Amino acid sequence: MDRSAQAASVMGWVGRIVLAAVFVCAGAAKALDPAAFADAIDSYRLLPHPAGVALALYLPWLEITGGLGVVWSRTRLGALSLLFLLCLMFGIAVASAWIRDLDIACGCFGGGAVGAAALRGSLLRSAALALLTGALLWAEETRCARPDSSAGSM
Amino acid sequence: MQARTSTEKPTVLWRRGARQAALILLVALVPAVLAAWFHPRRSGWSQDQPVIPEVEWTAVRQWRAPVLLVDVRSTAAYESEHIPGALWLGESIGYDGMVAVARAWQPGTRVVVYCDSPRCDVAQAAARRLRRELGLQDVVVLKGGWSAWIEARRQRR
């Protein structure tokens, strides 16, 4: 392995660890208090209450398993695809709240600051996470598409 | 043959990714279902979700007990105009808002939460949180919300 390939491998490893840590922490914060997260989902005014409750129970665990799935090479491709979709979904929800001038907290980490400025910050964070996830997904697809690709490395 | 292999590869990759994603979706379902049954801080579904009583503004005006009005509309709406004396809580009812209500509340005070219109369910959610997290029992929702108050004011003039 030449130096540039080694550097790319290290960057990919660091990116995956950062992504996994962010999603596991975000999921754990919300999994601890599903009632508060259901209220946060309700405040977006996008879903009926029962759907919000179901999402509040499921989404945190999807973030945790998705985050852990990124670390394991055998589930990485699927986990990155799911997390990329989640980032897009979060971004659309936050953008819609911002456009509608809702004074709500993102709820991304189980609460947070309220208001347009906070929503703009959450939107930027979602975009940054989507970029990171997209880059890692592209790298993983490229790696898997190589003729000599095997089960992969951690 | 070479061309066929190169066109098959994305399909194989897509299938592999879809299988892995389905596995993750299923694994996440297990703790979610357990949380739905056993989590001490799970939210109620619509069937057992407590519905906070709604009261008309004309009834609120006749109360003798002190009233704490809580506005859960947007900042812009609150700053534009609000019911005199109403405390702004914000739609997400963050920590600061809860502290503000806890400080403003006095024993014997009745709390009335309002949002924009009859279609707005944020007032119900806010009232439930005030009951659950601050232990306030005498919390109601203003029927019709801000639009009902505007209509009542128009009729008085």
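Reader: How many residues of chain B are in contact with chain A, and what makes a pair a contact?

Author: 35 residues of chain B are in contact with 36 of chain A; two residues qualify because their C-beta atoms, placed from the backbone, lie within 7 Å. Mind you, this is a predicted model, where local features need pLDDT of at least 70, side-chain atom pairs count only at pLDDT 80 or more, and totals for chains, interfaces and linings use all residues. Residues are numbered from 1 along each chain as its sequence is written, while chains are lettered from A and ligands numbered from 1 in the order in which they are written.

Reader: Why is Ala104(B) called partly exposed?

Author: Ala104(B) has 14 C-beta neighbours inside 10 Å. Buried takes 20 or more other C-beta atoms within 10 Å of the residue's own, exposed 12 or fewer, and partly exposed is in between, with C-beta atoms placed from the backbone. So 14 makes Ala104(B) partly exposed.

Reader: Where does Ala104(B) lie, and what does it touch?

Author: Ala104(B) lies in helix H4 (residues 95–104) of chain B. Not counting residues up to four places away in sequence, Ala104(B) touches Leu68(B) and Leu87(B).

Definitions and conventions
Helices (H or I, at least four residues) and strands (E, at least two) are DSSP runs, numbered from the N terminus.
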